[in-house]
Amino acid sequence: MKRKLIAAVGVAGMMAGVAACGNGGDDKGKTDAGGAKEITVWVMDGSAPKAWIDEVNKEFAAKHPGVTVKVEVQAWKGIQEKVTTALSENTPPDVLELGNTQTAGYAVTGGLADLTKDKGGLGADAWPKSMLESAEYEGKLYSAPWYAANRVVVYDKKAFEKAGVTPPKTRDEWIAGLDKLKAADPNTQPIYLPGQSWYVLAGLVWDEGGELAVKDGGKWKGGLGTPQAASAMEFYKKLQSYSTAPKDKDEASPQQSTDVVPKGGVASWIGLGWEAGGAEKALKDAGKEADFGYFPIPGKTADKPGTVFLGGSNLAVAERSKNKELAKEWLALATGKDQMTKYAAEVKGSLLPNQAAANFTPAPGSFAEAMGKAGVNGRITPVTPGWANVETEPNPLKEFMTKVLKGEDPARAGAEADKEIANRINK
């Protein structure tokens, strides 16, 4: 799947009973020229395979003769502004896709329908806790999780074989393997790791028992000036010492999958599914062999992999929808077990569906297999509307990382970052 899929995470669903719950919508709704009802669904470019969305709408039409589903594909660039405007108008899309870190921001404005009373009909009991958290705000449900994705370690099988390295299960084994790779070929980076891959750092912070930000009374405060964050950064610094990647850039500057890896000299790197696919294609286009293996980011102990950030998308119903009950039924159908099983098969395991029962069975040794193993230990960023402000450039998390990598004391750098995080997150 493409990179745009990952800008953004799922639901078991039963159609029965959904129309009887909920608060709004008179279902007189929008009509087409012939007077038939119509609901509009916004999905992001690349998120909904055509064959799958056609199947969803075919099944929906069979249950609701005369109702048309109008699917409009949106671009990720500029989408936050477009969604904000649409939700404030009287004729918003009835169902819309939202990035899982964006949902709380739209919920707090009153733009999303409260789906709390619809939990049973939507099958919320089947959703993983991490996905459910992204769909809720202050104890109320405002969306249904759809899909998620996370990073794994991508490695060159030949480089690992030459160095006598096998996929590690612990951090200590990981470092030992990097040492072997360095000794086997001094001209090859054991791992390519830019200094500002903050999603990777987030997982390390969580592994140490820390948080990126915590709520203290009625306000949020940053969590980078803590011993846990310092320990996480210490390990990140150790990993980064095996790389010649810039300390003041992230994985997209330059793009690691297409601008770095295909040039050779990289034994391993940390990336998403679309990145692994992009690197493989770039290598083949250049007439080179692409022989990648994959493993979850190792944990501190072998009993579970390292924690990872789960990016993805949710599906929500607009508060001002004139067709709320129909919108909820479409939502329940699209995110229910049957259609999510078909969705997972359609995307061939490159994304994680909203429930384990819908999981695509990945091929042994595939990216999807490694992602699935890592995803069980996934988390998301703090669920609060202000978090979006933290991620805007210049990102204080990235600046914290670069400062520490260049020698600044992590406690001091963390304290500075925490001030900026607090200023932004509490706006």
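Me: What do the buried residues of helix 17 pack against?
Reply: This is a predicted model. In it, those residues of helix 17 pack against strand 9 (213–216), strand 10 (219–222), helix 15 (387–391) and helix 16.

Me: Which residues of helix 17 are buried?
Reply: Ala413, Gly414, Ala417, Asp418, Ile421, Ala422, Arg424 and Ile425.

Me: What happens at the start of helix 17?
Reply: Asp409 puts a side-chain oxygen within 3.3 Å of the backbone nitrogen of Ala411.

Me: And how far apart are the end C-alpha atoms of helix 17?
Reply: They are 21 Å apart. Its 16 residues, 410–425, should span 22 Å at 1.5 Å a residue, so the two agree.

Me: Switching to helix 9. Which of its residues are buried?
Reply: Ala229, Ala232, Met233, Phe235, Tyr236, Leu239 and Gln240. Their arc around the axis is only 160°, which puts them on the same side of helix 9.

Me: Why would residues three or four places apart point the same way?
Reply: Because an α-helix has 3.6 residues a turn.

Me: What covers that buried side of helix 9?
Reply: The cover includes helix 7 (171–184), helix 8 (198–207) and helix 16 (396–405). On the face turned away, Pro227 and Glu234 are exposed.

Me: New topic: Glu275. Buried or exposed?
Reply: Glu275 is buried, and it has no salt bridge. It sits in helix 11 (residues 273–285).

Me: Which side chain of opposite charge is nearest to Glu275?
Reply: Arg151, 5.1 Å away. A salt bridge needs a nitrogen–oxygen pair within 4 Å.

Me: What does Glu275 touch, leaving out residues up to four places away in sequence?
Reply: Glu251, Gln255, Gln256, Ser257, Trp269 and Ile270.

Key
Residues are numbered from 1 along each chain as its sequence is written. This is a predicted model: local features need pLDDT of at least 70, side-chain atom pairs count only at pLDDT 80 or more; totals for chains, interfaces and linings use all residues. Side-chain values use heavy atoms; hydrogens and water are left out. Buried means under 20% relative accessible area, exposed over 50%, partly exposed in between (1.4 Å probe, protein chains only). Helices (H or I, at least four residues) and strands (E, at least two) are DSSP runs, numbered from the N terminus. The arc is that of the directions from the helix axis to the C-beta atoms. Contact means heavy atoms within 4.5 Å. Lys and Arg count as positive and Asp and Glu as negative; His and the chain ends are not counted. The expected span of a helix is 1.5 Å times one less than its number of residues. A polar contact is a pair of N or O atoms within 3.5 Å; within protein, one must be able to donate a hydrogen and the other to accept it, and residues adjacent in sequence count only if both atoms are side-chain atoms.
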